[in-house]
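Below is a brief report on one chain.

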Amino acid sequence: MSHSEVQGIAVNVSTVAAYLKQITHTMGVRFSQHTQVFRLSEGLSNLNYLIKDGEQAFVLRLNHKGSDGFVSREHELNCWQLAAQAKLAPKILFVSEDRQCYLSEFIVTDKPWSQQMTASQSHADATQHTLCPDAEQRLADLLLGLQSLPLPANHMGLTGQWQHYLQQLALANDALKASSPSSDTLGEQQRWCRRWHRLNEYEQVVRQAISLSDSYLIRPQFCHRDLTPHNLLHADGRLFCIDFEYACASHPLFDLAVILQTHNLSSMQQQRLCDIYFAQQSNLKPNAANAMTSISSLYWFYSAAWALLMAAQSLAAENKPVTQALTPYQANDYFTWFDDYLEKAIDISPSQQK
């Protein structure tokens, strides 16, 4: 494998080659000098590559270390295995000893789901054109399939998730205060602190949304918790999940909320999706649809907290060599996402609407 055979933007060839050697030693898979590496995507917490060698094709995923502080790789892999066994996710073929590299089967997809289904706004527009006429049924099938999976060992309720973020953000705030920022980074640290204080202003709003959502809960179920269009593959008329970093036993409404907030579905499709899902949902009390606005706002509040935590890690790593960087983006990128996520959370929060 050489630089000329790597397609896309800046790939660490030596890192990829080292993991391919591990795979060869562990699995007995042989990669020739004609092996090609194609950039598939760069997620907010990982890099994905298509590895092709003749008729062999795999997906190699490299995890960003910045996620390790709040992601259990053991739990992630356990949830991924549960979904793969039910044919709702690609099969895992190899996991490196440091848990920074995964190899999985390559699923030949139709037109990328993210290209046709990513919403341009936080809500679908009732007048928008339906890009995928059967999308709601395929999404419903996926949701019901995940619902039927065994409960994973890790459990994270709505309150636990919020408390976890607040604890991590408080630690990040203390770490930033204890650091000795340069004149270049002092302004960014101040911008971080202003956003942290702003998020804390909505503590009561978040608590009210959690309370309402939990009032309709009977029992938790398997939840992916990040079912954005970028984490779904469409092949042969069905959907597969990838990226199980946040999967756990959690609130049954959360996955539905993520889909409704991030997918390009018409209002009619949204309603049909909800009708199908609630008709076959035994883990929620009647009229649980009344909590959809609240739990949708929680998705964006949690996303804002995540972006702020990643911004703190980016700031902490700014004085380190590039090879030790913990996050794939700069603090300013995460600030932009935080502002967008918080605005969406406030916009749809029931307690903020008159």
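## Cysteines

Cys 223 counts as buried, at 0% relative accessibility; buried means under 20% relative accessible area, exposed over 50%, and partly exposed in between, with a 1.4 Å probe and protein chains only. Cys 241 also counts as buried, at 0% relative accessibility. This is a predicted model: local features need pLDDT of at least 70, side-chain atom pairs count only at pLDDT 80 or more, and totals for chains, interfaces and linings use all residues. Residues are numbered from 1 along each chain as its sequence is written, and side-chain values use heavy atoms, with hydrogens and water left out.

How many disulfides does the whole structure hold? A search finds zero, where a disulfide is a pair of cysteine sulfur atoms within 2.5 Å. For Cys 223, the closest cysteine sulfur belongs to Cys 248, and at 6.3 Å it is too far for a bond.

## Overall make-up

The chain has 11 helices and 10 strands. These are DSSP runs numbered from the N terminus: helices are H or I with at least four residues, strands are E with at least two. Of the 354 residues, 52% count as buried. Among contacts with a separation of 6 or more, 73% join residues 24 or more positions apart; contact means heavy atoms within 4.5 Å.

Helix α8 (residues 252-262) is largely enclosed by the rest of the structure, because 11 of its 11 residues are buried.

## Nonpolar cores

In soluble globular proteins, nonpolar side chains tend to be buried together. Here the largest nonpolar core has 86 residues. A nonpolar core is a set of buried Ala, Val, Leu, Ile, Met, Phe, Trp, Tyr and Cys residues joined through side-chain atoms within 4.5 Å. Helix α10 gives the largest share of this core, 17 residues. Trp 162, Trp 192, Leu 227, Phe 244, Leu 273 and Phe 301 have the most contacts inside the core.

Leaving aside neighbours within four places in sequence, Phe 301 is in contact with Trp 162, Leu 199, Tyr 202, Val 205, Val 206, Leu 342 and Ala 345.

## Aromatic pairs

The structure holds 14 aromatic pairs. Rings of Phe, Tyr and Trp (its six-membered ring) pair if their centres lie within 6.5 Å; planes under 30 degrees apart count as stacked, over 60 as edge-to-face and the rest as tilted. Trp 192 and Trp 196 are stacked, because their ring centres are 6.1 Å apart and their planes are at 20°. Both lie in helix α6 (residues 183-200), four residues apart, about one turn of the helix. An α-helix has 3.6 residues a turn, so residues three or four places apart point the same way. Trp 192 is buried at 0% relative accessible area, and Trp 196 counts as buried at 15%.

Tyr 202 and Phe 301 form a tilted pair, 5.9 Å centre to centre with 40° between the planes. This pair links distant parts of the chain, 99 residues apart. Tyr 202 is in the loop between α6 and α7 (203-214), and Phe 301 is in helix α10 (residues 292-316). Tyr 202 counts as buried at 14% relative accessibility, and Phe 301 at 0%. Elsewhere, ring pairs link Trp 162, Tyr 165, Phe 254, Tyr 299, Trp 300, Tyr 302 and Tyr 341 into a cluster.

Arg 195 lies over the face of Phe 335, 4.7 Å from the ring centre. A charge sits over a ring if NZ of Lys or CZ of Arg is within 6 Å of the ring centre and within 35 degrees of the ring normal.

## Strand pairing

Strand β6 (residues 101-105) is mostly covered, with four of its five residues buried. Strand β4 (residues 56-63) pairs with β6 in the antiparallel sense over five bridges; two strands pair if DSSP finds at least two bridges between them. Leu 60 stands opposite Leu 103 in β6. Strand β5 (residues 92-95) also runs antiparallel to β6, joined by three bridges. Val 95 has Tyr 102 in β6 as its bridge partner. The hairpin of β5 and β6 has five residues between the strands, and Arg 99 takes a positive phi near 60° there.

Strands β8 (residues 232-235) and β9 (residues 238-241) pair in the antiparallel sense over four bridges. Leu 232 stands opposite Cys 241 in β9. Two residues lie between the strands of this hairpin, where Asp 236 takes a positive phi near 55°.
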